[in-house]
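Here is a briefing for a reader new to this structure. Please look through the sequence and the model before reading on.

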Amino acid sequence: MKKLPQVSVIKVLWNSQQILKNPLPFHKVNFQKLGDTFEITTLGDGKLVFSRSPRFIKEVLQKKHKSFSKSRLQTRDLAKYIGHGLLTSEGEHWRTHRRMIQPKFHLKNLRSLIQIMFEAIEKELDHILIANEQDIFGLMGDVAFQVVAKSLFSSLEISDRIAKFKAITEENQMMLIREMRQPYLKWWFRVSGKINGALRKSSTARNILNELIEERIDSGQRSTDLLDMLLEATYEDGSKMPRKQLIDELFILFSAGYETTANALSFTLCFLAQNAELQEELFKEIAMLNSDSIEIEDLQKLMLTQSCINEAMRLYPPAYFIDRVATEEVEIDGYQLKKDTLVLLSIYELHRYANYWENPEDFIGSRFKDIEGKEYTNYFYPFGAGPRMCIGNAFATYEMIMVVVSLIKKYRISTKMDCVEINPMITLKPKEVKLSFHKRKA
């Protein structure tokens, strides 16, 4: 049995300020010195196992997934703010609702949402400043949030309330980050009232969602949006989802559904802005689309467009770490893990691992267009893997393709930025992405 290389608690404390700001460089140094899998000792959470090994990751997420659960970061810490939906629940509760909700994201249901999504995208992109440099990270957040909002509540007036909801989710994420990276201060967050303040905000957000549900039910209108699909969904005994659970699931769809997409789009557009020639190749590919309407089959033909998005997510995966806890003693990749061992899978490091990617630090827009999916399936996890793979991966993919289509067919994009400074939060964010948009001539 292999022995795990160790990182001492003293080293963690010595680097605590850097870890709070951005833990990725600290972990990178440890991977370089200690290998693909190592163990860290902390004051707050005890021992943590980090890995970028594709074999280790595959065993945890797929082959031996039954020996692991999500960590308390999601099932307890995050859940106290956004409820027990698909992202934050475990066991039979999760399996029941996964079976119930997953069909709502099948291709046949996404077809009815495509036009709703496209209209929301076009409306938000009207806020682009022509020829003036602007930070588009906020704009991409607004785009992605409105796409989720309209896909859920297509027939309701939601703008003011949803803006308030969005602000609350972002504020509470900051609180959760502080709890996660400063576990030794959790006592202070409790006694100072910071956690209770965040919980009160979450209650306000839940009330907003409940109001929207009530308005839909009271209107008596039917729609093809996700809210109607969830209202009509039934358990195996024919009963409907309780209101509290419905609110939990809507909270999860908002929280998980817009931020990761906004991050990936911001990075993608920055890379495209740095490569005028690649933009023209995309423009030629997009020109083949029917300009009057967009269908899923059209989006599936845009292989270079999707490759560019995948390549951006390879370099900057929104879920840059995936966490799991061993529910029993288990052997993974030759290491014996005790029950309750917390495992952190570094998707960020795996996606940049030179053993598996040619020129791993470079953005190569055609990389995924030129290789078969089976060639990278064990090294590429933008949406996770196994039974807990993101339920909205197809929704997010089509949304991102439509945003790129909408922008490239109208604008040439440029930037003065050589690289993007990252801001690792719950997801991997850019700090700012300053781009300029210039209208294409008819």
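Contact means heavy atoms within 4.5 Å. By that rule, and leaving aside neighbours within four places in sequence, Phe 395 is in contact with Phe 105, Leu 110, Leu 113, Met 117, Val 147, Val 148, Ser 151 and Leu 226. This is a predicted model: local features need pLDDT of at least 70, side-chain atom pairs count only at pLDDT 80 or more, and totals for chains, interfaces and linings use all residues. Residues are numbered from 1 along each chain as its sequence is written, and side-chain values use heavy atoms, with hydrogens and water left out.

**Nonpolar cores**

- A nonpolar core is a set of buried Ala, Val, Leu, Ile, Met, Phe, Trp, Tyr and Cys residues joined through side-chain atoms within 4.5 Å.
- Buried means under 20% relative accessible area, exposed means over 50%, and partly exposed is in between (1.4 Å probe, protein chains only).
- The largest nonpolar core has 121 residues. Met 140, Phe 153, Leu 250, Phe 254 and Phe 395 have the most contacts inside it.
- Helix 13 (residues 243-273) gives the most to this core, with 17 residues. Helices (H or I, at least four residues) and strands (E, at least two) are DSSP runs, numbered from the N terminus.
- Another core, of 19 residues, lies apart from the largest one. Val 60, Leu 61, Ile 332 and Ile 347 are among its residues.

- Two strands pair if DSSP finds at least two bridges between them.
- Six strands form an open sheet in the order 1-2-3-9-6-4, with mixed pairing.
- Strand 1 (6-7) and strand 4 stand at the edges. Each has a single partner strand, so one side of each is left without a neighbour in the sheet.
- Strand 3 (residues 47-51) and strand 9 pair in the parallel sense over four bridges. Val 49 has Val 343 in strand 9 as its bridge partner.
- Helix 4 (residues 54-63) packs on the sheet. Helix 4 touches strand 2 (37-41), strand 3, strand 4, strand 6 and strand 9. Its direction makes about 125° with that of strand 9. For such angles, axes are lines fitted to C-alpha atoms, for helices over the stretch in contact, and angles run from 0 to 180 degrees between N-to-C directions.

**Strand 6 within that sheet**

- Six of the six residues of strand 6 (residues 321-326) are buried, so strand 6 is largely enclosed by the rest of the structure.
- Phe 321, Asp 323 and Val 325 point one way from the strand. Ile 322, Arg 324 and Ala 326 point the other way.
- Strand 6 and strand 9 (residues 342-346) run antiparallel, joined by five bridges. Phe 321 has Ser 346 as its bridge partner in strand 9.
- Strand 4 (residues 68-69) also runs antiparallel to strand 6, with two bridges. Ser 69 stands opposite Val 325.

- Three strands form an open sheet in the order 5-13-10, with antiparallel pairing.
- Strand 5 (134-135) and strand 10 (411-414) are the edge strands, each pairing on one side only.
- Two bridges join strand 5 to strand 13 (residues 434-439). Gln 134 has Leu 435 in strand 13 as its bridge partner.
- Four bridges join strand 10 to strand 13. Ile 413 is partnered there by Phe 437.
- Side chains alternate along strand 10.

**Helix 6**

- The buried residues of helix 6 (residues 91-101) are Trp 94, His 97, Arg 98, Met 100 and Ile 101.
- Seen down the helix axis, they fall within an arc of 165°, so they line one face of helix 6. The arc is that of the directions from the helix axis to the C-beta atoms.
- What covers these buried residues includes helix 12 (226-232) and helix 13.

**Cysteines**

- The structure holds zero disulfides (a disulfide is a pair of cysteine sulfur atoms within 2.5 Å).
- The sulfur of Cys 270 is 8.5 Å from the closest cysteine sulfur, in Cys 419, too far for a bond.
- Cys 270 is buried, with a relative accessible area of 1%. Cys 419 is exposed, at 56%.

**Ser 366**

- Ser 366 lies in the loop between helix 17 (347-351) and helix 18 (393-408).
- At 26% relative accessibility, Ser 366 counts as partly exposed.
- Ser 366 touches Leu 304 and Ser 307, not counting residues up to four places away in sequence.
- Ser 366 and Met 303 are 63 residues apart in sequence and 8.7 Å apart in space, C-alpha to C-alpha.
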